[in-house]
Structure formats: C-alpha cells, structure tokens
Amino acid sequence: FVIKYQKMKVTDLVKNKIKAFPEGVIFGYDDFDIEQSKESALKIALYRLVKDGVIERLSKGRFYKPKQGITGNLRPDEYEIVKDLLVENGEPIGYITGLGIFNRLGLTTQLSNIIQIGLNFDKKQIQRGKYTIKFIRQWNIINKKNIPLLQLLDCIRFIKSIPDTSIDQSFKRLMVLVGELQDKEIESFVNLTLKYPSSTRTIAGA
C-alpha cells in the first residue's frame, strides 16, 4: 500500500509539474524535485505520459510538451534541443549556427534535423532522437555580444552550403544584413573576421 501511495504521489507531482511547463520546452529527470529512491516511479510516470501523447520523448531522459500546429505537432525550437550544450556556469560556450541560422536570417526556407553548434573546441557529433548535433570550430572567443556577429560570419563562411538558393542571392541577402549593423558592430565584425579563413574575409570585405 505504501509503495502504491508513493507512486501515486509521484504521478500527481509529475503531472502538475508538466502542466506548468510551457509548450516546446525541453525537460529531464533533474527538473523534478524527486528523491533518488523514487526515480523509477518518475520514469514510469513519464513513460505513461509519452504513451498517452501528453508529452513527447526527444532522446533518452529528455522530453517536451509538443505545440499543436495546423498539420500536427510542431518540432521543438532548436535552442531548446541543445540549450544544455550552449551554456556553462551561466556563460555561453557555444551558439547555434549553420542550417538553423541560414533559415532564421532569411537565407533559405529549408529546415533540417541537423543542428550545428559553434564551439571553441573540437567535439564529436551526437544524436538526440531524430536530431543530429554537429559541432563547428570557432576560433574567436564566444560571448553574448558577439554571437550574432559570429552567426553572420558563419553564413559568409559557408555561403556555398546554403541550400535552396544561389550564391548570388545569398550574397545580396548578406549585404542587407551587414548593412543593418551599427558602427560599433561593424568594428567588432571586422575584428572577428581576422580569425576566419581568407575566403570569408574576402567576401566580408566585399
């Protein structure tokens, strides 16, 4: 009877906690204030909620409440999928780049199950459910202020890899984006190009 009561208590706690989570936010076991002895009950409760369609499983130990779209459940935001890989002790150590940024900056309309992250160190790609997380080496120091500029420079660096468009179209769009930068941002932008390949510096200069 005691075991059954404890499991019921955990189930109720889990359901109430999940109700408070916004749709699309990724959560894991650590987001529930449950003692270690009740961890198996927590896993069972989450498994049942996945089975009932209340939540979806992203990868091992990671879940989210799906947003409802016109054609069905929407995919979670890229940031949510990889947020634990982007920050350490409250400071950014990485940033989303590549395919996700191409789309966000209006360089392509395509979406992908590949998420690319810029880091100051090498790291092997990992898999999270249907999403492949790849890592790109960034030689500049990463901080909150320069991330948008690094994302823009990465678009220039990988201009030939932007899908569903031409280099000429991408160049024109990048000219607009660079033209929107303020004077101080231009100065930082130029300094950041110095650690990029010569081909990136050439296009950035143009």
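The model is predicted: local features need pLDDT of at least 70, side-chain atom pairs count only at pLDDT 80 or more, and totals for chains, interfaces and linings use all residues. Residues are numbered from 1 along each chain as its sequence is written, and side-chain values use heavy atoms, with hydrogens and water left out.

**Stop 1: H5 and H7**

Select residues 147-157, helix H5, and residues 183-193, helix H7. Helices here are DSSP runs of H or I with at least four residues, numbered from the N terminus. Two packed helices are described by the angle between their axes and the distance between the axes. The axes of H5 and H7 come within 10 Å and cross at roughly 55°. Axes are lines fitted to C-alpha atoms over the stretch in contact, and angles run from 0 to 180 degrees between N-to-C directions. H5 and H7 are therefore oblique to each other. The cut-offs: under 35 degrees is roughly parallel, over 145 roughly antiparallel, 65 to 115 roughly perpendicular, and the rest oblique.

Now show side chains. From H5, pick Leu149, Leu150, Leu152, Leu153 and Ile156; they meet Glu185, Ser188, Phe189, Leu192 and Thr193 in H7. Contact means heavy atoms within 4.5 Å. By class, this contact has seven nonpolar, two polar and one charged residues. Ala, Val, Leu, Ile, Met, Phe, Trp, Tyr, Cys and Pro count as nonpolar, Asp, Glu, Lys and Arg as charged, and the others, Gly among them, as polar.

**Stop 2: H5 and H8**

The contact of H5 with H8 divides into four nonpolar, one polar and one charged residues.

**Stop 3: H5 and H6**

Leu152, Cys155 and Ile156 of H5 touch Leu174, Leu177 and Val178 of H6. This contact has six nonpolar, no polar and no charged residues.

**Stop 4: the largest pocket**

About 380 Å³ of space lies in the largest pocket. To find its centre, select Lys145, Asn146, Pro148, Leu149 and Glu185, the closest of the 17 lining residues. H4, H5 and H7 each give two or more residues to the lining. H7 gives the largest share, five residues.

On a 1 Å grid over the protein atoms alone, a pocket is an open set of points with protein on both sides within 12 Å along at least five of seven lines; a cavity is a set where a 1.4 Å probe fits but cannot get out; lining residues have an atom within 4 Å of a point. Grid points are joined across faces, edges and corners, and a volume is the space filled by probe spheres set on the points.

**Stop 5: the second largest pocket**

The second largest pocket has a volume of about 310 Å³. Select Arg75, Pro76, Asp77, Glu78 and Leu111, the closest to its centre of 15 lining residues. Its lining has five nonpolar, three polar and seven charged residues.

**Stop 6: the cavity**

Finish with Glu78, Leu99, Gly100, Asn103, Gln110, Leu111 and Ser112, which line the largest cavity. About 30 Å³ of space lies inside this cavity. Helix H4 (residues 99-104) gives the largest share of the lining, three residues.
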